[in-house]
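Please consider the sequence and the three-dimensional model shown here.

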Amino acid sequence: MARKCKCKICGRQLTTDIAYKVTKGKTNNYYCSEEEYKSIEKEKEAMDKCKITIAMILEVPYCTPLITKYINKLNEHYTADEISFAFKKEEKQISRALQKDFRGNDFTKYKYIFTIVENNIYKHSKEYKKQQEDMSRLFEPEVVENIDIINDDTDLGKPRQINNKSDRDISVFLDDDDF
């Protein structure tokens, strides 16, 4: 008999025989489906890459809780890939901002940098989505519609008649009724 369990993501009531089970250490985590689990893992991986990219641009060894707070605020409306793309596009402005003297106050420095990104992320998000759409069109298989060729001959296996009349004779173009 299966026990009751809850989906770790959506909180839906499941039974252990139906739910997708992931064991981490000594604990079992249950999910509605394997696809749901993989999508969450993919999002986590994208966010980790985003944080690494941002840390490199900000010239810090890791993302502090303050930086993570600002990233999560942006992540409410934009994906991790869009956030990374926006930071890469604004890298010159960010490097100029990092050269300014903020008198040792990290809060002011990061607030200033994230405000730069927030003001331009919508534009960069649209550009990123357009690039992704163009890339998907490049790798999408081309659909060719079947076009029927109109033939006068109904039987393709039937040999054509060859006219041995001279090239200057227009009777070839006229129907039998026109004579």
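The structure is a predicted model. A search of the whole of it finds 10 salt bridges. One of them joins the side chains of lysine 89 and glutamate 127, with a nitrogen-to-oxygen distance of 3.1 Å. Lysine 89 belongs to helix H3 (residues 80-89) and glutamate 127 to helix H5, so this pair ties together parts that are 38 residues apart in sequence. Lysine 89 is partly exposed, its relative accessible area being 41%. Glutamate 127 is also assigned to the partly exposed class, at 29% relative accessibility; the class applies because this value lies between the limits of 20% for buried and 50% for exposed residues.

Other salt bridges are formed within a helix. Helix H5 spans residues 106-139, and aspartate 106 pairs there with lysine 109, their closest N and O atoms being 3.7 Å apart. These two residues both lie in helix H5, with a spacing of three residues, or about one turn of the helix. Aspartate 106 is partly exposed, with 41% relative accessibility.

Aspartate 134 and arginine 137 are separated by about one helical turn because they are three residues apart in helix H5. The relative accessible area of aspartate 134 is 30%, and the residue is partly exposed.

Which residues make a nonpolar surface patch? Met135, Leu138 and Phe139 do, and the patch covers about 380 Å². Phenylalanine 139 is located in helix H5. With a relative accessible area of 67%, phenylalanine 139 is exposed, because the limit for that class is over 50%.

Lysine 92 counts as exposed, at 67% relative accessibility. In sequence, lysine 92 and isoleucine 57 are 35 residues apart, while their C-alpha atoms are 9.5 Å apart in space.

Note on methods: Residues numbered from 1 in each chain as written. Predicted model: local features only at pLDDT ≥ 70, side-chain atom pairs only at ≥ 80, totals over all residues. Heavy atoms only, no water. Patch = residues over 30% accessible without salt bridge, like charges linked within 9 Å, V, L, I, M, F, W, Y side chains within 5 Å. Areas by Shrake-Rupley, 256 points an atom, 1.4 Å probe, with all protein chains shown as cover. Salt bridge = Lys/Arg side-chain N within 4 Å of Asp/Glu carboxyl O. Helix = DSSP H or I, 4+ residues; strand = E, 2+ residues; numbered from the N terminus. Buried < 20%, exposed > 50% of the residue type's maximum accessible area, 1.4 Å probe, protein only.
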